[in-house]
Amino acid sequence: MATETTTFEIRKTQHSRIAEVDFSNLVFGRSFSDHMLVSIYKDGQWGQNQIIPYGNLSLSPATAALHYGQTIFEGMKAYKSPDGEVLLFRPFDNWKRFNLSAQRMCMPAVPEEIFVGGLQELLRLDSDWVPEGAGQSLYIRPYMFAADEYIGVKASDTYYFVIFTCPVGNYYSKPVKVKVEKEYIRAAEGGVGAAKCGGNYGGSLYPARLAQQQGYDQLIWTDAKEHLYVEESGTMNVMFVIDGRLITPAVSSSILDGVTRKSIIAVGEYWNIPVEQRRVSVDEVIEAAKEGRLDAAFGAGTAAVVSPFSHIAYEDVDYALPELTENSFPVRVKDFLEKLRTGRSEDIFGWNLKV
Ligand code: COI
């Protein structure tokens with residue numbers, strides 16, 4: 001694949017910050033690697049492609065994205081194999097989804113040679129930042145925002161595309177206690193729920209805070225029309241194992257087409273587990289929990305990987321899920337993905353891109 005034809009001006013840092021990072025105690029999203037990629041879209045084309053030391057961007061207070069939220073992002077990960085190779089997990093899937101988000105938000109597409117090719121350049125420079133510990137990875141944050149200095153509501157003519165990276169450990173350190181949300185919604189049909197745009201996350205904060213005040217870690221979002229069907233959980237796709245079947249809401253205009261979600265589906269099918277992608281009613285899940293047929297429930301996402309739920313709360317009743325064992329589906333699939341992504345097992349699906 002032609003991923004590296006664009007030339008990046010590279011300016012290396014004179015002072016690496018890597019020695020300041022405690023790699024044995026990585027907090028998610030707080031340490032940033034030495035370099036970042038910046039490309040600017042202007043006059044109908046991408047240019048000024050640079051890889052420069054990580055640092056502040058200088059922006060006008062009138063920058064359009066800060067007012068109307070014309071901004072999108074991705075979450076991706078790179079891993080280190082036992083022989084020191086850097087492996088990017090399914091980068092083309094993130095690149096494609098990024099451009100679908102861009103289309104929905106009226107933004108220009110980012111070419112593959114900038115998104116994937118530029119990212120590879122960046123990772124070559126910062127390969128020492130890819131951690132090697134169990135459960136650790138380099139989280140990659142590509143994003144784009146409207147950069148016009150203008151406060152009328154219109155699609156911007158200028159954009160910044162930026163990638164920075166952070167060495168991370170687990171997003172959730174223990175099984176997650178979730179509550180089925182029946183008042184607030186994450187996204188509605190025909191809205192922007194399938195796009196990875198900033199507003200989806202900003203709007204989720206208040207209902208999540210209310211749930212946290214009631215002792216839950218996260219929400220299970222339900223559909224906007226009736227609150228009868230499960231959509232996502234927090235910032236993750238959601239999956240259930242009921243009667244030995246892997247069941248997950250089908251993607252729609254209000255549900256993100258998660259890369260981890262589709263990887264888990266592929267692994268489930270490879271293991272000959274019946275997989276169902278369809279509407280999933282809250283009633284079905286709660287009935288299964290009551291009858292002891294809900295073997296497991298978990299969130300799936302790049303940051304959270306596979307995050308099992310310990311409890312699901314619905315209408316003021318907490319339903320405890322079975323204790324996890326090494327045979328539980330979420331435990332097995334997480335382990336399978338971790339080995340594949342770190343090059344410790346064969347990449348049977350061809351998902352890894354060597355940097
Ligand atoms: C991811 O899983 O990568 C996400 O984008 C969620 C994030 C908001 C931490």
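Predicted model: local features only at pLDDT ≥ 70, side-chain atom pairs only at ≥ 80, totals over all residues.
A polar side-chain atom of Y139 lies 2.5 Å from an oxygen atom of the ligand.

**The ligand and its surroundings**

- The residues that surround the ligand are F73, G75, Y139, R141, Y171, K196, Y201, T235, G301, T302 and A303.
- T302 has a polar backbone atom 3.2 Å from an oxygen atom of the ligand.
- For A303, a polar backbone atom is 2.8 Å from an oxygen atom of the ligand.
- The ligand taken alone exposes 280 Å², and the protein buries 89% of that area.

**Helix 6: extent and end**

- Helix 6 covers residues 259-270, which makes 12 residues.
- From the first C-alpha of helix 6 to its last, the distance is 16 Å, close to the 16 Å expected at 1.5 Å a residue.
- N272 follows helix 6 and has a positive phi, near 60 degrees.

**Helix 6: burial**

- Helix 6 is mostly covered, with nine of its 12 residues buried.
- The buried residues of helix 6 include V259, T260 and R261.
- Further along helix 6, S263, I264, I265, A266, V267 and G268 are also buried.

Conventions. Residues numbered from 1 in each chain as written. Heavy atoms only, no water. Helix = DSSP H or I, 4+ residues; strand = E, 2+ residues; numbered from the N terminus. Expected span 1.5 Å × (residues − 1). Buried < 20%, exposed > 50% of the residue type's maximum accessible area, 1.4 Å probe, protein only. Near = heavy atom within 4 Å. Polar contact = N/O pair within 3.5 Å; in protein donor to acceptor, adjacent residues only side chain to side chain. Areas by Shrake-Rupley, 256 points an atom, 1.4 Å probe, with all protein chains shown as cover.
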